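Please report on the metal site, the domain packing and the charged pairs of this protein. Keep it brief.

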Amino acid sequence: MEIIVLIVVGLSVGSFLNVVIYRLPRNENLAFPRSHCPACNAQLRWFHNLPVISFLALRGRCAHCRAPISWRYPLVEIATAGILWMCWSHFGSRPLYALLSAIFLLILLVLSFIDLEYMILPDELTLGGAAVFLAYSFFHPGFSSPWTGVATAFGAAAVFAGLFFFYIKVRGMEGLGFGDVKLMLMLGAFLGLEGLVVALLLASLFGLLVGGFMILFRGKNLKLALPFGPFLALGAFFSLFWGVRILGIIQSWVALG
Ligand SMILES: [Zn+2]
């Protein structure tokens, strides 16, 4: 029963997140007007707007003009349902923490798709998320002291800001976006120092792997910057659920070395 509720809620929330991903970078109102096809502008009927089901029934094409609908729509809806299910099954005994974990990961999901397309991380999401999670970590810390999350957040943001200005000054280019600096506030506040270190290690590893593959197989040169946001989001995802285990593995390697 629980799982059915989570799937239905997840797909519906995912459907709204698709609207956010499309409209937020375009500075459009999130609530009005109703959804329309980006190709022919036809307004969607309710039965053309059902998560996943409509995409399958229409075989990924607009009912009016047959323009292809992005695979992003069903993917975000399924990912949202998956995130809700994972947060509930991992942290269900602590409902507030489960809910905040879900909000944390859903913000990162939206940020990832916006960053992939536009190479930006909107302040509404990074700073909005930072405010929520700084408050949470201060008043309800899973950390040793109320300041641990706050110190981690601002420390990490300061390090990233340093890197940001270092790149501009020394290399004359943007090595990472300033959006990544603001994202550090949110990640540090919720993950804490150890969780953030694991997330950063994984993000760098994923980034190197994907970047390496792109250079090998697609001949892209290193100057074509990949957005770092999606890698940070993926690192944070693994860190949130398996951070303690991953940290244990790293520590055993260090001890062996
Ligand atoms: Zn259309």
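## Zinc site, domains and salt bridges

The zinc ion has four protein donors, Cys37 (SG), Cys40 (SG), Cys62 (SG) and Cys65 (SG), lying 2.3 Å from it. Donors here are N, O and S atoms within 2.8 Å of the metal (3.2 Å for Na, K and Ca); water is not among the atoms, so sites may look incomplete. The model is predicted: local features need pLDDT of at least 70, side-chain atom pairs count only at pLDDT 80 or more, and totals for chains, interfaces and linings use all residues. Residues are numbered from 1 along each chain as its sequence is written, and side-chain values use heavy atoms, with hydrogens and water left out.

The 4 donor atoms subtend angles of 104 to 117° around the zinc ion, so the arrangement is tetrahedral. Along the chain, the donors follow the spacing C-x2-C-x21-C-x2-C. Cysteine 37 is buried at 6% relative accessible area, whereas cysteine 40 is partly exposed at 32%. Buried means under 20% relative accessible area, exposed over 50%, and partly exposed in between (1.4 Å probe, protein chains only).

The protein divides into domain 1 (1–91) and domain 2 (121–257). These bounds come from an automatic or database domain assignment. The domain centres, taken over C-alpha atoms, are 28 Å apart. At the interface, 5 residues of domain 1 are in contact with 7 residues of domain 2. Contact means heavy atoms within 4.5 Å. The two domains bury about 560 Å² between them, 88% of it on carbon and sulfur atoms. Leu24, Met86 and Phe91 supply 65% of the area that domain 1 buries against domain 2, more than any other three residues. Buried area is the accessible area (1.4 Å probe) that two parts lose on being put together, summed over both.

How many salt bridges cross the interface of domain 1 and domain 2? The rule finds 0 there. The whole structure holds 2 salt bridges. Each requires a side-chain nitrogen of Lys or Arg within 4 Å of a carboxyl oxygen of Asp or Glu. The table lists them.

| Salt bridge | N to O distance |
|---|---|
| Glutamate 117 and arginine 72 | 3.4 Å |
| Aspartate 123 and lysine 182 | 2.7 Å |

Aspartate 123 in helix 5 (residues 123–139) and lysine 182 in helix 7 (residues 178–218) are 59 residues apart, so this pair links distant parts of the chain. Aspartate 123 is partly exposed, at 36% relative accessible area. In the other pair, glutamate 117 is partly exposed at 46%, while arginine 72 is buried at 9%. Helices (H or I, at least four residues) and strands (E, at least two) are DSSP runs, numbered from the N terminus.

Leucine 240 lies in helix 8 (residues 229–256). Its relative accessible area is 10%, so leucine 240 is buried. Leaving aside neighbours within four places in sequence, leucine 240 is in contact with Phe91, Tyr97, Ser101, Phe104, Leu105, Phe190 and Leu191.

Alanine 79 sits in helix 3. At 25% relative accessibility, alanine 79 is partly exposed. Its C-alpha atom is 31 Å from that of glycine 155.

Notes
Tetrahedral: all angles 85-135°; square planar, octahedral: opposite > 155°, others 65-115°.
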